[in-house]
Every structure is written in structure tokens, then in C-alpha cells.
Amino acid sequence: MFINRLEIKGFGKLTDRTFNLVKGINIVFGSNEAGKTTLQWFIKGMLYGLKNSRQLKSGALPPLRRFEPWSGGQYGGAMEYTLDDGSTYRVERDFKRGTVCLYDSNFKDVTFSFGTGRDKMPLFAEKQLGLDEAAFERTVLIRQSEIRLDDAGTGILAERLANVSSTGTEDISFSRAEKALTDALKNNVGTGRTT
């Protein structure tokens, strides 16, 4: 899946903002409190909604209340994305009203063709991405405070970025390395049947 476009009507400090993204790596940067994490939460919210539970034990507001627009007005927006099979969708959410609509590339409303959860909200992201919300948070939604790199981790990250920049994809370099290891095993150890 890749995200084509984000349209934010109102979400935290972000109001009337549109982000057109390209397939591949998109880098979002800015100073502290510029709205980078808010943008990340917007994407999560568009896919899975926002929880409105009581105040958390840490004293923090639940996400639904924490990202209410600072300037008032509409609370929501839209996101257009394309799945790996080439199908394109547009999801629109109004967080204040608790509504969501999912449209296919022909603008046909397909919101409830994916089943619903306990909260009566459609489970389209779970079906389309193959990830529930918890798995999405653990694998895709990595927050800045959760990134801890020691010297070894920094080296690995630098190598992966170098692979991507020189070949266009990490898989190409990985495939070459895997083939070289397989060939070395055959030449130095023998076949899979010999020891």
C-alpha cells in the first residue's frame, strides 16, 4: 500500500492542509511541534479510527480528544491510497460525528463491504492491509521516542539506506547477498544432502 494524498480539514494543530505523496520514500521533516507526529496520528486515525476512552493512567488525553482541532471547526479529513494490487480507495472521516466512508476508484461507497467491529465501525484497514490496529502500531507506526539506535543499529541503518540509494531497493542487494552465500555454501560445504 502507498498513500497518494492526505487532506486534513482539522486535526490537532493542522487545519486545511493537503499533502500529495509519491510512491516510494517520502520524508516529512520540520522543527519541534511542527505537526509531524500529528500527521502520523492522522494516518492511523484515517485507517483505524481514534479511541475515545477515559483519560489514560499517565494523565494524557485519549487520542480522540487529544487531536481535536486547535482552532475549532471540522475534525477530520480524507486519505487516498493505492493497494499493492493497484486498486485505489478514498477514506473520509469525521471524528467529531464518528462517521467514516470508504470509496473505491469508481466513487462507489464500499464502506460496509468489509464487516464491522464491536464499535460498529468498518474493518477495511484490517482486511486490506492484513494488519489489525495493534500490529500496525508495532510495525508501521514507529514514533520518534521509540527509536533507539546504538552504534551497531546505526551502522545497519546506514547500510540499508546505502543499498536503497544505490540500487533503488533493498531487496536487490539482499538477493545478491543471498545468492552469494548460497553459492559459497555449495562450493565450500557441498549440496544440501552432504555435510
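Helices (H or I, at least four residues) and strands (E, at least two) are DSSP runs, numbered from the N terminus.

Before going further I noted that this is a predicted model, in which local features need pLDDT of at least 70 and side-chain atom pairs count only at pLDDT 80 or more, while totals for chains, interfaces and linings use all residues. Residues are numbered from 1 along each chain as its sequence is written, and side-chain values use heavy atoms, with hydrogens and water left out.

**Overall figures**

I looked up burial next: 30% of the 195 residues count as buried, where buried means under 20% relative accessible area, exposed over 50%, and partly exposed in between (1.4 Å probe, protein chains only). The accessible surface comes to about 13,400 Å², of which 52% belongs to carbon and sulfur atoms; such areas come from the Shrake-Rupley method with a 1.4 Å probe, and for residues only the protein chains shown count as cover.

**The core**

I then turned to the largest nonpolar core, which has 30 residues, and noted that L6, F11, L47, M79, Y81, V91 and F124 touch the most other members. I recorded that β1 (2–11), β2 (14–20), α1 (36–48), β3 (76–82), β4 (88–94), β5 (99–103) and α3 (124–129) each supply at least two residues of this core, and that the largest share, 7 residues, comes from α1. A nonpolar core here is a set of buried Ala, Val, Leu, Ile, Met, Phe, Trp, Tyr and Cys residues joined through side-chain atoms within 4.5 Å.

Taking L6 by itself, and leaving aside its neighbours within four places in sequence, I listed its contacts (heavy atoms within 4.5 Å) as R17, T18, F19, L21, L39, F42, I43, A78 and M79.

**The loops**

I found I25 in the loop between β2 and α1, and I25 counts as exposed because its relative accessibility is 63%.

Finally I checked backbone angles, keeping in mind that most residues other than glycine have a negative phi. F107, which is not a glycine, has a positive phi of about 65°, and K120, also a residue other than glycine, has a positive phi near 70°. I placed F107 in the loop between β5 and α3, and K120 is found in the loop between β5 and α3. F107 counts as exposed at 66% relative accessibility, and K120 is exposed with a relative accessible area of 63%.
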